[in-house]
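Please prepare a short briefing on the structure shown here.

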Amino acid sequence: LKIAAFTITRNEPLFLRVWCNYYCKVFGEKNVHIIDNSTSDDSVRIVQELYPNINVIVKPNPKEHDSMFLKNTVEKMQRDLLRSNDFVVFSETDEFLLPSQNYVDLNDYCEKFHSSSKKWVRAQGWNIVQQVDSEPSIERTIGSHLLKDRNSMWKITIYSKTLITKVPLTYQKGFHIIYDKGQKVATEIPDEDLSLLHAWRIDADEYFRRHSMRYKITYDQVIEYFKTHKMDWSPLLDPHAEGPETPVPDHWKQLIYV
């Protein structure tokens with residue numbers, strides 16, 4: 001059974017390292033691929049030193065945020081990897097596919113998925129938001145677990161994604177929706193045994209570093225959002241903490257580390 005995992009990255013000094021730690025441990029670094037989209041910091045070099053057998057492909061794009069470039073690049077990479085692998089796993093650098101405790105790990109989940117008749121599988125989206133009044137910032141020292149001081153998460157349907165597949169997929173921008181033979185797949189139910197953790201709001205400081213220029217927001221606005229979970233200042237205008245509050249599973253806290 002041959003499995004390939006890949007991501008696309010640009011200047012992610014924290015999350016790229018965390019992403020590689022997780023997926024290299026699950027699949028082995030020789031089966032992990034990074035698309036470097038015009039990185040100008042040391043983040044890609046550092047993970048190459050940590051994982052010398054990891055695969056890096058440089059795909060530069062002068063635009064900092066180009067959704068169609070990301071979509072087309074990911075679809076091509078997925079098609080190329082499927083030529084030599086039984087199936088392919090994709091996630092963005094702040095996303096982690098986490099199976100339930102019915103499985104040993106993500107590799108075990110993938111092996112069982114391979115034996116099924118499904119062509120792809122959709123993961124249930126979850127969001128963890130730092131509670132800035134009661135939870136400290138994440139520790140960035142080597143080996144620190146990012147979720148050790150995070151207690152709450154929320155299931156968010158719009159964050160669900162189809163990221164494990166045996167066949168090439170056509171995505172909508174953002175990778176939340178797929179098309180099959182030109183038709184939108186809009187009614188697919190996520191597998192409750194497979195979660196997709198979106199980590200972009202687990203830490204207010206990291207959120208500000210990544211998004212202050214893009215959204216033209218101040219640090220005080222970020223802190224206010226992390227208190228209220230409202231995004232009055234954001235062009236996205238979607239709720240990121242909906243539904244009942246759910247405890248972060250203890251076994252997740254051991255999986256995501258610097």
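The notes below cover strands, pockets and aromatic rings, in that order.

This is a predicted model, in which local features need pLDDT of at least 70, side-chain atom pairs count only at pLDDT 80 or more, and totals for chains, interfaces and linings use all residues. Residues are numbered from 1 along each chain as its sequence is written, and side-chain values use heavy atoms, with hydrogens and water left out.

**Strands and sheets**

- Strands β2 (residues 32-36) and β3 (residues 55-58) run parallel and are joined by 4 bridges; two strands pair if DSSP finds at least two bridges between them.
- Helices (H or I, at least four residues) and strands (E, at least two) are DSSP runs, numbered from the N terminus.
- Isoleucine 35 has isoleucine 57 in β3 as its bridge partner.
- Together with helix α2 (residues 43-50), β2 and β3 make a right-handed β-α-β unit; right-handed means that, with the strands pointing away from the viewer, the path from the first strand over the helix to the second runs clockwise.
- An open sheet is formed by 3 strands in the order β9-β10-β11, with antiparallel pairing.
- β9 (170-171) and β11 (183-185) are at the edges of this sheet, each with a single partner strand, so one side of each has no neighbour in the sheet.
- Between strand β10 (residues 178-180) and β11 there are 3 bridges, in the antiparallel sense.
- Aspartate 180 is opposite glutamine 183 in β11.

**Pockets**

- The largest pocket holds about 1,200 Å³ of space. A pocket, on a 1 Å grid over the protein atoms alone, is an open set of points where a 1.4 Å probe fits, with protein on both sides within 12 Å along at least five of seven lines; lining residues have an atom within 4 Å of a point. Its volume is the space filled by probe spheres set on the points, which are joined across faces, edges and corners.
- The largest pocket is lined by 38 residues, of which His65, Leu70, Glu92, His211 and Arg214 are the closest to its centre.
- At least two lining residues of the largest pocket come from each of β1 (3-9), α3 (67-82) and α5 (204-215), and α5 gives the most, with 7 residues.
- By class, the lining of the largest pocket has 11 nonpolar, 13 polar and 14 charged residues. Ala, Val, Leu, Ile, Met, Phe, Trp, Tyr, Cys and Pro count as nonpolar, Asp, Glu, Lys and Arg as charged, and the others, Gly among them, as polar.
- The second largest pocket holds about 250 Å³ of space; of its 15 lining residues, Tyr22, Val104, Asp105, Leu106 and Leu255 are the closest to its centre.
- Helix α1 (residues 15-27) gives the most to the lining of the second largest pocket, with 4 residues.
- That lining divides into 8 nonpolar, 5 polar and 2 charged residues.

**Aromatic rings**

- The whole structure has 12 aromatic pairs. Rings of Phe, Tyr and Trp (its six-membered ring) pair if their centres lie within 6.5 Å; planes under 30 degrees apart count as stacked, over 60 as edge-to-face and the rest as tilted.
- Tyrosine 22 and tyrosine 23 form an edge-to-face pair, 4.8 Å centre to centre with 80° between the planes.
- Tyrosine 22 is buried at 5% relative accessibility, and tyrosine 23 is buried at 0%; buried means under 20% relative accessible area, exposed over 50%, and partly exposed in between (1.4 Å probe, protein chains only).
- Tryptophan 200 and tyrosine 207 form a tilted pair, 5.9 Å centre to centre with 55° between the planes.
- Tryptophan 200 is buried, with a relative accessible area of 13%, and tyrosine 207 is buried with 0%.
- Phe6, Phe90, Tyr171 and Phe175 are linked into a cluster by ring pairs.
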